[in-house]
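Here's a quick briefing to read alongside the model. Have the viewer open and follow along.

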Amino acid sequence: PSAWICSIVFFQFVLLLGHLYSAVGSACLSFKEQLILQFLLILVCAIVVAPIELILPNETYDLKPELWIIFTLLLSVGMPYFLLASNSTLIQKWYHGAFNDSPYFLFGISNIGSLLGLLIYPFCIERLFTIEQQMMLWSTIFIIFTICIFLITFYILKTNITSNNKSFGKFMDRKSSLSIIALGFIPSALFL
């Protein structure tokens, strides 16, 4: 159970960091700066991390098993997962800025994709592919993802689309924001 809980805590925490990065980036950077920064981070990750492989901490004899799991996940998939976690909300913002249309259908598509991934993995991918083949598959998909982000960035920069600075979301006070974050922990805690 501790391995499962540590894994879920790691992924939930990195997901929260990814959303925080995209929120802060959206508030502090221009539309084009966000595009360029995100593409460069994804490109560096694709060059440095791909192919995705299992990387173990060097000093394993002093680590408790729970910390070993967290460090192994951090070294192996931390950066790609962080970028994927941040990318969902950034693409929604870019879509709104580029087409001045509601991006919320993308949120639904993302959730459907996540649900399908959860259903397909144990019944298809895990049974058909070895761990090494799965890592190669995820590396290949990450490279395709990098190319897609490049094409999106190139298209938006080439067409000179700029964000109209209109908010498509509601600004909340600090208390409401903290309440939403705290409420987000409830389903995760129940899931654990």
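What follows covers the ground rules, the overall build, and a few local spots.

This is a predicted model, so to speak plainly about limits: local features need pLDDT of at least 70, side-chain atom pairs count only at pLDDT 80 or more, and totals for chains, interfaces and linings use all residues. Residues are numbered from 1 along each chain as its sequence is written, and side-chain values use heavy atoms, with hydrogens and water left out.

**Overall build**
- The protein chain has six helices and zero strands; helices (H or I, at least four residues) and strands (E, at least two) are DSSP runs, numbered from the N terminus.
- Reading from the N terminus, the element order is α-α-α-α-α-α.
- Along the principal axes, the C-alpha atoms fill a box of roughly 55 × 40 × 35 Å.
- Of the contacts with a separation of 6 or more, 75% are between residues 24 or more positions apart, where contact means heavy atoms within 4.5 Å.

**Surface and charge**
- Of the 192 residues, 25% are buried (buried is under 20% relative accessible area, exposed over 50%, partly exposed in between, with a 1.4 Å probe and protein chains only).
- The chain exposes about 12,900 Å², and carbon and sulfur atoms supply 74% of that; accessible areas come from the Shrake-Rupley method with a 1.4 Å probe, and for residues only the protein chains shown count as cover.
- There are 9 positive and 9 negative side chains, with the centres of the two sets 19 Å apart. Lys and Arg count as positive, Asp and Glu as negative, while His and the chain ends are not counted; each charge is placed at NZ of Lys, CZ of Arg, CG of Asp or CD of Glu.

**Nonpolar patch**
- Ile36, Leu40, Leu43, Val44, Ile47, Val48 and Leu157 make a nonpolar surface patch of about 600 Å².
- Patch residues have over 30% relative accessible area and no salt bridge, with nonpolar side chains (Val, Leu, Ile, Met, Phe, Trp, Tyr) joined within 5 Å and like charges within 9 Å; a salt bridge is a side-chain nitrogen of Lys or Arg within 4 Å of a carboxyl oxygen of Asp or Glu.
- Helix H2 (residues 31-49) gives the largest share, six residues.
- Ile47 sits in helix H2 and is exposed, at 61% relative accessible area.

- Ser2 is in helix H1 (residues 2-28) and is partly exposed at 36%; its C-alpha is 8.5 Å from that of Pro65, 63 residues apart along the chain.
- Asn100 is in the loop between helix H3 (65-99) and helix H4 (104-128), partly exposed at 48%.
- Phi of Asn100 is positive, near 50 degrees. Most residues other than glycine have a negative phi.
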